[in-house]
Amino acid sequence: MVLTIHHLRISQSERVIWLCEELSIPYELKSYTRSPLLAPPELKAVHPQGSAPAIQDGDLTLAESGACLEYIAHKYGGGKLFLPPTHKDYAHFLYWFHWSNGTLMPTVMRGMFGKFARLAPDSEVMKMSNERTGRCLSMLDERLKDNTWLAGEEFTAADVMMVFPLTTGRYFVQFSLAEYPNLVKYLGRVGEREAYRRAMEKGDPGLSLVLGAEPPEKPLV
């Protein structure tokens, strides 16, 4: 039975497609359109969490980006793109792999929630959100100053996890990367990866990729 990826268009489930493309793992893609902004009922019925990504492998249904990536890479990819504990850059890999959803995503998403709540840009909540986002971006920029990829010189699943909030995620939370030249160069390297290009075209055909310093001109929210 072929692995099935349930992908909500313009969402973090692009990570799972990208991983499979990088590792040449066959999969069946089932895509869903937002209704109007969140997941439609058909996707919510796949997993109790009611969001993307979700994968199905036989009788198993699994959600959470990091869990899906780790499961697929180890079961079908021989552990590729996951550094072993014996690797000199293992700690860096582990940190950035978890930092994306543990720190960066919640931080930048506060900006979207603030917009929904119609908070003034100069409100204390929004000022705190912007300050924390800037701190995160500065950390990333510094890490990429002397490293090609987040774990070092080797492309890993940490990069697959990290890219969404810096690219497609800016359709929801608009922020500029103009002050972070190392980060912009990093996204340029991402855009040169054929597997990334294939994944984005399969998951979100026709979507304008956000790989430059500025956010998209036409955000979704």
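A salt bridge is a side-chain nitrogen of Lys or Arg within 4 Å of a carboxyl oxygen of Asp or Glu. The model discussed here is predicted.

Q: How many salt bridges does the count come to by this rule?
A: The rule pairs a side-chain nitrogen of Lys or Arg with a carboxyl oxygen of Asp or Glu within 4 Å. Applied to this predicted model, the count comes to six.

Q: Which residue forms a salt bridge with glutamate 22?
A: Glutamate 22 belongs to helix H1 (residues 14-23), and its partner sits 171 residues away, in the loop between helix H7 (181-191) and helix H8 (194-203). The N to O distance of the pair is 2.8 Å. The partner is arginine 193.

Q: Is glutamate 22 buried or exposed?
A: Buried means under 20% relative accessible area. Glutamate 22 has a relative accessible area of 18%, so this residue counts as buried.

Q: Which strand holds aspartate 57, the partner of lysine 75?
A: The side chains of lysine 75 and aspartate 57 meet in a salt bridge of 3.0 Å, N to O. Lysine 75 lies in helix H3 (residues 65-76), so the pair ties together parts 18 residues apart in sequence. Aspartate 57 lies in strand S3.

Q: Is aspartate 89, which meets lysine 88 in a salt bridge, buried or exposed?
A: The pair has an N to O distance of 3.0 Å. Lysine 88 is exposed, at 73% relative accessible area. Aspartate 89 has a relative accessible area of 13% and is buried.

Conventions: Residues are numbered from 1 along each chain as its sequence is written. This is a predicted model: local features need pLDDT of at least 70, side-chain atom pairs count only at pLDDT 80 or more; totals for chains, interfaces and linings use all residues. Side-chain values use heavy atoms; hydrogens and water are left out. Helices (H or I, at least four residues) and strands (E, at least two) are DSSP runs, numbered from the N terminus. Buried means under 20% relative accessible area, exposed over 50%, partly exposed in between (1.4 Å probe, protein chains only).
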